[in-house]
Amino acid sequence: MQQRMLERVKKKLIKEREKLLADVNHIRNEELGKSQRDATGELSGYADHMADGGTDTIERQVSLGLMSNEEAMLIKIDRALKRIEDKTYGVCELCKEKISQERLKAVLYATYCIECRSQEESKNNKKV
């Protein structure tokens, strides 16, 4: 892969990483950093109605899920940045062939070519 293209990919990955970090920090500080009292707006820390408590719990679970997904994306991005440094970016981790430019444009942090990714998904679907 050309050095100029790698630099563009690296910039995109870093930009996406910064955005995800900001999102994770926002969720951590604004959504999950609140005490139960702050989250419910009640003096006792518990909602007056059971449904309100359930809604608060669901909102916190959704926030945790979002944060978890974004943290997983951060790991993928960090690994892609490491592969750029190691000069292995764009090489399939299974078959060691080049990953197509189209795939890398669509998924900047791709670790498998289309064929190997399909094989991995098939294996995972058979396990379920």
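**A loop and its surroundings**

Modeller: Happy to! Helices here are DSSP runs of H or I with at least four residues, strands are runs of E with at least two, and both are numbered from the N terminus. Before going further, please note that this is a predicted model, where local features need pLDDT of at least 70, side-chain atom pairs count only at pLDDT 80 or more, and totals for chains, interfaces and linings use all residues. Residues are numbered from 1 along each chain as its sequence is written, and side-chain values use heavy atoms, with hydrogens and water left out.

In general, most residues other than glycine have a negative phi. Lys87 counts as exposed because its relative accessibility is 69%; the cut-offs are under 20% relative accessible area for buried, over 50% for exposed, and partly exposed in between, using a 1.4 Å probe and protein chains only.

Further along, Lys96 belongs to the loop between α3 and α4 as well. Lys96 also has a positive phi, about 70°, without being a glycine. With 58% relative accessibility, Lys96 counts as exposed.

Glu120 sits in helix α5 (residues 114–127), and setting aside neighbours within four places in sequence, Glu120 is in contact with Leu94 and Tyr112. Contact here means heavy atoms within 4.5 Å. Glu120 is buried, as its relative accessible area is 19%.

Now let us step back into helix α3. Lys82 and Asp86 both lie in this helix, 4 residues apart, about one turn. Their side chains meet in a salt bridge, at 3.1 Å from N to O. The term salt bridge is used when a side-chain nitrogen of Lys or Arg is within 4 Å of a carboxyl oxygen of Asp or Glu. Side chains of opposite charge can pair when their charged atoms come close. Both partners are partly exposed: Lys82 at 45% relative accessibility and Asp86 at 40%.

Helix α3 also holds Asp78, which counts as partly exposed at 32% relative accessibility. Although Asp78 and Arg17 are 61 residues apart in sequence, their C-alpha atoms are 8.0 Å apart in space.

A second salt bridge to look at joins the side chains of Glu71 and Arg28, 2.8 Å from N to O. Since Glu71 is in helix α3 and Arg28 in helix α1, this pair ties together parts that are 43 residues apart in sequence. Glu71 is partly exposed at 29%, and so is Arg28 at 36%.

Areas come from the Shrake-Rupley method with a 1.4 Å probe, and for residues only the protein chains shown count as cover. Ile58 itself is exposed, at 52%.

Arg117 is partly exposed at 36%, as is Glu121 at 39%.

Finally, the wider setting. The chain has 5 helices and 0 strands, and 23% of its 128 residues count as buried. Among contacts between residues at least 6 apart in sequence, 55% join residues at least 24 apart. The salt bridges in this model come to 7. The chain exposes about 9,400 Å², with 51% of that supplied by carbon and sulfur atoms.
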